[in-house]
Amino acid sequence: MNYQAERISRIQSSPSMAVSQAAKEMVRQGINVVDLSLGEPDFNTPENIINAAVDGMRQGMTRYTASAGIPELKAAIIAKLARDNKLEYTAEEITVGNGAKQLIFNALMGTLEADDEVVLLAPYFVSYPDLVKLHGGTPRIVRCYAENNFRPTREDLAAAINEKTRWIILNTPSNPSGAVLSKEDLQMIGEVVRPFERLLVMSDEIYEKIVFEGTDFVSFGEACPALRGRTLIINGVSKSYAMTGWRIGYAAGPAGLIQVMNKLQSQSTTSACSISQIASVEAIGGHQLFVESSRLEYQKRRDLMLDGLRDIPQLKAFSPEGAFYLFAECQALLNKTTPEGRRLTNDTDVANYFLKEAHVACVPGAAYGLEPFVRFSFATSEEQISLALKQLSAAINKLC
């Protein structure tokens, strides 16, 4: 019996989760694997946030909430957007979901029709093309090459957009490249998009708080205020506050679009977890000491991994401006032969070799739409990063 609907056959399981599961299985077998595949902070959620959740539970905040989120959290989000991004929103223009990915899912499900196209900038977050295809849309890929600092050119972007284009999805800082689009980059994108009146812009800003020295984050909404009525800002607490398991994301956009997304949520998950929402009020509205201390720690880890990879000539590492990933080109490893006699033909082969021989889990660039690269997460300890670098170097030296 076939249990799978046709629309599900259009997508694959998350590649990063698949690599992480393979790494966990090796650990269960007693193999010491350095897992650099998942984008999850290794820090614990700060105590002030945990205490807020406990207090909320004791005060009875354990029931259903409105589909769009509790008023206290929406107020905290509105204040944050005004404070950090110079953006003014009302409560009707804010919604809260079970993580940023659910909100992306809801936005696409609520707006895409057959034959609609969605422009994605590669390298892109692994889930974007599958979510587009799941809802009947067609991804149009604009490749952003390392020589242009993983940014799109005006010409490539203009060539990808047409009357069928419903969305363009941006991700800044980027997973996987770490590129942070400047105000000028965003304004260029806005200029190309503006003539196409049905084209919406989704700006995934989940890594907003994790930017490194000399880099300023600018929201698309701030850079292109004239497109406010066509812009959906996606954000959340998972990355900045080490709250991946709490599953809270939020979106800000035109009231009509938010209403569509709320309708979908009311018929699916009903609402986000009430306890997690209370915790997120404290995360977004409370003191931000953890955000800065963790950012500085990520910067140290970035530097350690970058220096170490630059000592491995077969990997060409590019310095990320934000997020906690390092995207390294592995062209020099293609057509090399492993000790078992297998030839490495693409970056998926390289990532598999690193897992089996170096016991280092990473994700191939193919999952992000740009080859040949591998993505390493440095959201782990300096000790683990140093161990990974040592084991990668040893494994590479075994190739011939």
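**Close-up A. The largest cavity, with a volume of about 140 Å³.** The model is predicted: local features need pLDDT of at least 70, side-chain atom pairs count only at pLDDT 80 or more, and totals for chains, interfaces and linings use all residues. Residues are numbered from 1 along each chain as its sequence is written, and side-chain values use heavy atoms, with hydrogens and water left out. A cavity is a set of points, on a 1 Å grid over the protein atoms alone, where a 1.4 Å probe fits but cannot get out; lining residues have an atom within 4 Å of a point. Volume is the space filled by probe spheres set on the points, which are joined across faces, edges and corners. Of the 15 lining residues, Leu121, Pro123, Phe150, Asn171 and Ser174 lie nearest the centre of the largest cavity. Two or more residues come from each of β3 (117-122) and β5 (165-171), and β5 gives the most, with three. Strands (E, at least two residues) and helices (H or I, at least four) are DSSP runs, numbered from the N terminus. The lining has twelve nonpolar, three polar and no charged residues. Ala, Val, Leu, Ile, Met, Phe, Trp, Tyr, Cys and Pro count as nonpolar, Asp, Glu, Lys and Arg as charged, and the others, Gly among them, as polar.

**Close-up B. The second largest cavity, which holds about 60 Å³ of space.** Its lining includes Lys80, Glu205, Glu208, Lys209 and Tyr250. By class, four lining residues are nonpolar, three polar and four charged.

**Close-up C. The largest pocket, with about 570 Å³ of space.** A pocket is an open set of grid points with protein on both sides within 12 Å along at least five of seven lines. Gly39, Lys101, Phe125, Lys239 and Arg247 lie nearest its centre, among 26 lining residues. Helix α4 supplies the largest share, three residues. Eleven lining residues are nonpolar, nine polar and six charged.

**Close-up D. The edge-to-face pair of Phe43 and Tyr298.** Rings of Phe, Tyr and Trp (its six-membered ring) pair if their centres lie within 6.5 Å; planes under 30 degrees apart count as stacked, over 60 as edge-to-face and the rest as tilted. Here the centres are 5.5 Å apart and the planes at 65 degrees. Phe43 lies in the loop between β1 (34-35) and α2 (47-58) and Tyr298 in α11 (residues 289-310), so the pair ties together parts 255 residues apart in sequence. Both rings belong to a cluster linked by ring pairs, together with Tyr207, Phe290, Phe324 and Tyr325.
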